[in-house]
Amino acid sequence: MSAHLPPEGPARPNPFAPPQPGAATPPAAPYPHPGTVPQAAAPQQPPDPSAAFSIRGLWKRFGDKAAVAGVDLDVPSGSFYGIVGPNGAGKTTMLSMATGLLRPDFGTVSVHGGDFWSDPVAGKRSLGVLPDGVRLFDRLTGEQLITYAGLLRGMDRAVVAERTADLLRALDLAADAKTFVVDYSAGMTKKVALASALIHAPRILVLDEPFEAVDPVSAANIRDILGEYVRSGGTVVVSSHVMDLVQRMCDHVAIIAAGRILAAGTVDEVRAGQSLEDRFVALVGGRQSAEGLSWLRSS
Ligand SMILES: Nc1ncnc2c1ncn2[C@@H]1O[C@H](COP(=O)(O)OP(=O)(O)OP(=O)(O)O)[C@@H](O)[C@H]1O
């Protein structure tokens, strides 16, 4: 995949600047019926059929705010793809639209060459999703929840039982298999949700903040599981705020801010000789001085 990098130098637009007249505004108001894509929103480049995800011209507004403002992104099949961006950048909104949780205002999402939103049920078959902040059926035990996820996918009960036991063991949840999810810690809840996303061995995994609240040993186990999954041909898309982790774990990365992609490509292309964190800060900006908090000093 070719890198999608902004031009160097001061000419680069500030992603946080208010929209300029005529620039990066959504196509042709009034909005059409949700799910329809107007001619004016037609992507400039056709979707890449070889990509796991090929996203073109994706938009989502909440009231006056464009949470996702014209995203084009190709996630190569078999890649370990990191999505990074500041709080409120639009990562969750973009991933929700890519996985069938939120209908785009405009734009298209192709999954392995098929238009996702023309048949979301078919698209979802190839996806395993760990959404951010979505309630689980927490009156089930961990074991029941993973089992339920497998049976919902139409899997054979014996296979589900075998894989559930494997996942509970791999994610260090076996001792709490019979505990209700409502009584799990935040990290345990994250892990049981991850297990539920893995049970049907999907071709693509989309994980929104999978390491949040997870202890270091479990995080290392999860990284091993995901690394093995990618080596065997699967595609992982993961959002994270931990730049060091993304730099070490992922082979591709996209930096998103204010609903737009600022840079995307291989990790080496995007970081351009710097650490990913330095590149992120340089592209996104927004560092604040702590001077205004002088009252916080204890002496
Ligand atoms: N359901 C909603 N209603 C209104 N505004 C929303 C909704 N969901 C998201 N937003 C807004 O859209 C913007 C993008 O939010 P989103 O959750 O996609 O960001 P994010 O990059 O995932 O942030 P974080 O890193 O903090 O999780 C934010 O300004 C947020 O307030």
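Predicted model: local features only at pLDDT ≥ 70, side-chain atom pairs only at ≥ 80, totals over all residues.

Me: What makes something a helix or a strand here, and how many does the chain have?

Reply: Both are DSSP runs, numbered from the N terminus: helices are H or I with at least four residues, and strands are E with at least two. By that rule the chain has nine helices and ten strands.

Me: How do you know which residues are around the ligand?

Reply: A residue is near a molecule if its C-beta atom, placed from the backbone, lies within 6 Å of it. Among those around the ligand are Phe62, Gly85, Asn87 and Lys91. Two elements give two or more residues to this shell, strand E2 (65–76) and helix H1 (91–98), and H1 gives the most, with three.

Me: What makes a shell residue nonpolar, polar or charged?

Reply: Ala, Val, Leu, Ile, Met, Phe, Trp, Tyr, Cys and Pro count as nonpolar, Asp, Glu, Lys and Arg as charged, and the others, Gly among them, as polar. Sorted like that, the shell has three nonpolar, six polar and two charged residues.

Me: Why is H1 called largely enclosed?

Reply: A residue is buried if 20 or more other C-beta atoms lie within 10 Å of its own, exposed if 12 or fewer, and partly exposed in between, with C-beta atoms placed from the backbone. Eight of the eight residues of H1 pass the buried test, so the rest of the structure largely encloses this helix. Lys91 and Met94 are among them. For the chain of 299 residues, 42% count as buried.

Me: What makes strands E9 and E10 a pair?

Reply: Two strands pair if DSSP finds at least two bridges between them. Strand E9 (residues 252–257) has six bridges to E10, and the two run antiparallel. For instance, His252 stands opposite Thr266 in E10.

Me: Why are E6 and E10 said to stand at the edges?

Reply: Six strands form an open sheet in the order E6-E7-E8-E3-E9-E10, with mixed pairing. Strand E6 (127–130) and strand E10 (260–266) each have a single partner strand, so one side of each is left without a neighbour in the sheet.

Me: How do you know that E4 pairs with E1 and with E5?

Reply: Just count bridges again. Five join strand E1 (residues 51–62) to E4, with Ile55 opposite Val109. Two join E4 to strand E5 (residues 114–115), and there Ser110 has Asp115 as its bridge partner. Both pairings are antiparallel. E4 (residues 106–111) is also mostly covered, with six of its six residues buried.

Me: What makes a group of residues a nonpolar core, and which members touch the most others?

Reply: A core is a set of buried Ala, Val, Leu, Ile, Met, Phe, Trp, Tyr and Cys residues joined through C-beta atoms within 7 Å. The largest one has 76 residues, and Phe53 and Ile255 touch the most other members. Two residues are in contact if their C-beta atoms, placed from the backbone, lie within 7 Å. Leaving out residues up to four places away in sequence, Phe53 touches residues including Leu73, Ala98 and Val109.

Definitions and conventions. Residues numbered from 1 in each chain as written.
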